[in-house]
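Open your viewer and get ready to select residues as we go.

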Amino acid sequence: ITGTGPIQWVLDPIDGTRPFLCGLPLWANLIGLTEHGKAVMGMMSQPYIGERFWADQHGSWTSSSHGQYRLSTRKHVKLEQAILHTTSPEPIAARSDIHFMALEKQVLMTRYGGECYAMAMLAAGRIDICVEFALEPYDIVPLIPIIERAGGIVTTLDGSRAEAGGAVVATGCPYLHEQILTILNTGS
C-alpha cells in the first residue's frame, strides 16, 4: 500500500505467483479498496478460467461461464464436518506457536495449495476454514469484503481485523470462529 489519505486502493497483480509459474489456475488478480484502513470492496479475478469474485456494498458475487450468482458461506457447520485449507504445509512446522495440527485433527479434511482461490471457495461455501501463516495486506485486503459480505469472518489469530496481514484465519461459519481461534492459539 502506498500513498496517504482515507481511501486507498490495494493491488496484487498476480496473487499466487508459484501456481502462476507452474501453469496452475490458482492465481488471480486482486483489487481491494479501503476506507480509513478498513477493507470495504474487493475483487478477485482469474482471467485464465474466466471466474470473477467481488464484493460491493450490497453483497458478495461471482460470475463465470456458468452465470452470475450471490455468494454465501456454509452455515451451521460442526467442526468435525468442516473443510480446512492452507496454502502450504511448510509453515506449519516453522510456526509451532500456531497449533494447526490440533485443528487439523478435529476437522473432516484438510486441503493444501489453493492460494487466494481457496478464500473465494470459502466465500462460495465450498471450504469452511482458511488458515494462512504470513499474509501481506495486498494478499488479504481484497478478499476480506468478499468473505464478510458472503457471511464469513476474517481476523488475525488474536481476533483483530486482518487488513494489516500476518497470520490470518477466515471462517465461513462465524459461530465456529472463536472455537477455531482458541484451538490455534492454545492447542485445545
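A pocket here is an open set of grid points where a 1.4 Å probe fits, with protein on both sides within 12 Å along at least five of seven lines. Keep in mind that you are looking at a predicted model.

**Stop 1: the largest pocket**

The largest pocket has a volume of about 570 Å³. To find its centre, select Thr-87, Glu-115, Glu-132, Ala-134 and Leu-135, which are the closest to it among the 21 lining residues. Now colour β1, α1 (17-22), α2 (90-94), α4 (115-123) and β9 (129-135): each supplies at least two residues of the lining. Which element gives the largest share of the lining? That is β9, with four residues. By type, the lining divides into nine nonpolar, five polar and seven charged residues.

**Stop 2: Asp-15**

Next, select Asp-15, in strand β1 (residues 7-15). Asp-15 is buried, yet it has no salt bridge. The nearest side chain of opposite charge belongs to Arg-18, and it is 11 Å away. Show what surrounds Asp-15: leaving aside neighbours within four places in sequence, its contacts include Leu-26, Trp-27, Glu-115 and Asp-139.

**Stop 3: Asp-128 and Arg-74**

The structure holds four salt bridges. For one of them, select Asp-128 and Arg-74, whose closest N and O atoms are 2.6 Å apart. Asp-128 lies in the loop between α4 and β9, and Arg-74 in the loop between β6 (67-70) and β7 (83-86), so this pair ties together parts that are 54 residues apart in sequence. Is Asp-128 buried or exposed? Asp-128 counts as buried because its relative accessibility is 3%, and buried means under 20%. Arg-74, at 32%, is partly exposed.

**Stop 4: Arg-95**

Move to the loop between α2 and α3 (100-104) and pick Arg-95. Arg-95 forms a salt bridge with Asp-97, with the closest N and O atoms 2.8 Å apart. Arg-95 is partly exposed at 27% relative accessibility, as is Asp-97 at 43%. Beyond its neighbours within four places in sequence, Arg-95 is in contact with Phe-133 and Ala-167. Try the distance tool here: Arg-95 and Ala-167 are 72 residues apart in sequence and 10.0 Å apart in space, C-alpha to C-alpha.

**Stop 5**

Finally, select Glu-148 and Arg-161, whose side chains meet in a salt bridge (3.0 Å, N to O). Glu-148 sits in helix α6 (residues 143-149) and Arg-161 in the loop between β10 (153-156) and β11 (166-171), so the pair ties together parts 13 residues apart in sequence.

Conventions. Residues are numbered from 1 along each chain as its sequence is written. This is a predicted model: local features need pLDDT of at least 70, side-chain atom pairs count only at pLDDT 80 or more; totals for chains, interfaces and linings use all residues. Side-chain values use heavy atoms; hydrogens and water are left out. Buried means under 20% relative accessible area, exposed over 50%, partly exposed in between (1.4 Å probe, protein chains only). Lys and Arg count as positive and Asp and Glu as negative; His and the chain ends are not counted. Contact means heavy atoms within 4.5 Å. On a 1 Å grid over the protein atoms alone, a cavity is a set of points where a 1.4 Å probe fits but cannot get out, and a pocket is an open set with protein on both sides within 12 Å along at least five of seven lines; lining residues have an atom within 4 Å of a point. Grid points are joined across faces, edges and corners, and a volume is the space filled by probe spheres set on the points. Ala, Val, Leu, Ile, Met, Phe, Trp, Tyr, Cys and Pro count as nonpolar, Asp, Glu, Lys and Arg as charged, and the others, Gly among them, as polar.
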